[in-house]
Each structure stands twice: as structure tokens, then as C-alpha cells.
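User: I would like to go through the labels used for this protein and see what each one rests on.

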Amino acid sequence: MELESKNTSRETMSRRAFGGAAAASAVMAFAGGALPIRAESSTKTESSQYRTGNGEWTYDVVPGWGKLPAGKTFGGTHGAIANDRAGNVYVSTQSETGILVYDSSGHLLKTIANQYPEVHSLYHSVEGGDEFFYATVQKGTPAENWLIVKMKMDGSVVQKITAPGEAGFKQPNEWRVTAVVTGPDGSLYIANGYGDSRIFRFDKEGNYKSSFAGKGAEDGKCDCSHGLAVDTRYGQPLLLVCDRENFRLSHFDFDGKFVGHVTQHMRRPCQVSFRGDYAVVSELQGRATILDKNNVPVAFIGDNPQQNQWANYTLTPESIAPTAFSAAHGCFIDSDANIFVSDWNRTGRLTKLTRVAS
């Protein structure tokens, strides 16, 4: 398990203000003022104790969604969230439960990939009409750790990728992968986020081709290339990288060329999920941010004013306010704009939020 407890309040004002009192509160939270304010709707309703966000991105928490059967625990939700074409929700955990599969109502249907108790990322892909998940595995079987697997929706594995000999690694712990996505031509892009922050390209058969980025703070480098996503909001698909310890998101093309920084001064971004022109970013320092197509923050979800809870693995879910996140790690937004977030803590927490009708 990675050491996530690094905590810093490196923050600055967002690049533009946006109107309305609720939005102004959100900007204050982003600016990291002395008294951070969680942006919430000014309308007090019976559900206001479960309300967070602002403007058209105001959300209510769904209490108890995804609750496990008695005697079962998440064992830490240091992972990811995704769905399939049927609308089922997949949540990876740090326990023998492997990947949990829920229906849209939050009822647990089954678990899959139980042989891999620490799946860190999930990427859903449709290929020739068939559905697959690409996943990064931190802890697997006694003989297999830190690998990439391609699996069917029942968890059966059809492909594995381990550390490439051509990459020049000298020690086993230098290969510590955190994310994988597929490019437009089917190539695989794998982030060695907990290692040297390089991003590796393999062809779709799993043959090593090249690497780019690497550890650093300058343009084109990363300090923990934690999450990857394929950004199709522009004319050319781009690889979006959550450069977590540089507090920024960056774009690369699929040849590995640095394009530019998407946005900076974030709170340790972990993963990204898209809906139309908007992106949801989970941040380890206690919130999720909604970015518009210009990559300007338009809302903050679950913004936690208790900075001592940010990236604090020792917490239990009961100690965190229902409308706040302590260490938002996995995130996903579905076609109905429901947002799902998994918090990184010792017993795990899964939250579903539904958008409030304006």
C-alpha cells in the first residue's frame, strides 16, 4: 500500500471567479483561505444535511448506498470506480472482496477478481462489441504483484503485463504501476506512478514500445503520475495525466509529446472521469472538483474544511461528515450525472451523490 499521508495546503486562487454566492464560497475553498468553506446550496431543505456542491452542480448524498452485508468490510477503498453498459457499478477494494459489483440501486450483486485484493485502477473498454476492464494490480497472488491485467466482466483474465525488461529497471520495487488506459489505436498506456513516474506505451498485444515523462517538476515531467484518462473534449484525443504531487493535470499526445498543463494548484489529483465537456477530479486532500471544458473549476463536491482529515488513512467513515471527503481517491460520473467517490481510509468508504434538479 502506498504512503498517502503527505499533507500540504499548497493552494492558490482559481483562474477566474464565477458568479453567485455559492460559487464565491467554492472559490474561497479553492483558494485555501484560513477558514475553508464547503460550498453548499443556500436553500435549506430536509435533505440539506446531505447536500454539497454549488449551482447546477449541487448534489445530495444517497445515505447507505452500496452498504456491504453484515460482517463484510471494504478493507480500504484505495482503488477506482467504473461501470458497464448495463449500468452496474464496479468498485475495487483492499480486501479479499476484490472488485465489488453493484446494480444501480446499490444492491451488491457479486464480487469478481478476488485473487487480486488490491486493484488500484479500472478502465472500461468495448472492443468488437465485447466489454473488458483494464486494471492495475498492486497486490495479487504471492507470485504476482504490480501488474496490469485485462479481464472480462466476470473477472476472468485474458492478458497480463509485468515490468518490461527493456525499461532498464534494476530493482523489483521500481515498477509500481497506478493506472492504465487504451489509446486510439489500441495501444496501452501505463503509468508507473508510485515508481519513477514514467508512462509506458505497449501495443495491444502487450509488447513494450516506449516510455515518456518521468520524475520531475518541469514541463513534460511528473511527480507521481497517479491517474490516466483519455480526454476527448477537443478536436484531438489527448492523454490526461493526474500529476499528483505536482498538484496539476497535464496533457500529452499519444506519441508521448507534452502538450500543456490542464490546470494547476489542485489538491493532489488522483483520478478523472468525464461527462460531456465536464471532468470530475478526485483529490486526495478532501474534495472532488468539477472542471468545465476550459478546465476552470465550476464546483467543489464534498470539500472538507477539516484539514487534519485530508489524506488521513487512520480515519473511520463514521468520523467523516456525510457531505465531506477525507481522501477522495476513486471517482466516476455516470450518464445521469450521478457521482461516485471512494475515500482512502483504513476501512474504506463509498459515496453516491445525485444531482439536485434546478
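The questions below take the labels one at a time.

Analyst: This is a predicted model, in which local features need pLDDT of at least 70, side-chain atom pairs count only at pLDDT 80 or more, and totals for chains, interfaces and linings use all residues. Residues are numbered from 1 along each chain as its sequence is written, and side-chain values use heavy atoms, with hydrogens and water left out.

User: Why is Ser282 called buried?

Analyst: Buried means under 20% relative accessible area, exposed over 50%, and partly exposed in between (1.4 Å probe, protein chains only). Ser282 has a relative accessible area of 0%, so Ser282 is buried.

User: Why is Ser156 called partly exposed?

Analyst: The relative accessible area of Ser156 is 30%, and therefore Ser156 is partly exposed. Ser156 sits in the loop between β9 (145-151) and β10 (157-161); strands (E, at least two residues) and helices (H or I, at least four) are DSSP runs, numbered from the N terminus.

User: What makes the pair Ser156 and Asp154 a polar contact?

Analyst: A polar contact is a pair of N or O atoms within 3.5 Å; within protein, one must be able to donate a hydrogen and the other to accept it, and residues adjacent in sequence count only if both atoms are side-chain atoms. The side chains of Ser156 and Asp154 are joined at 2.7 Å, as a polar contact.

User: Which backbone oxygen lies 2.8 Å from a polar atom of the Ser282 side chain?

Analyst: That oxygen belongs to His329. His329 is also among the residues in contact with Ser282 once neighbours within four places in sequence are left aside, as are Arg287 and Ala288. Contact means heavy atoms within 4.5 Å.

User: What makes β21 mostly covered?

Analyst: Five of the five residues of β21 (residues 287-291) are buried. In a regular strand the side chains alternate between the two faces of the sheet. Both faces of β21 are covered: Arg287, Thr289 and Leu291 are buried on one side, Ala288 and Ile290 on the other.
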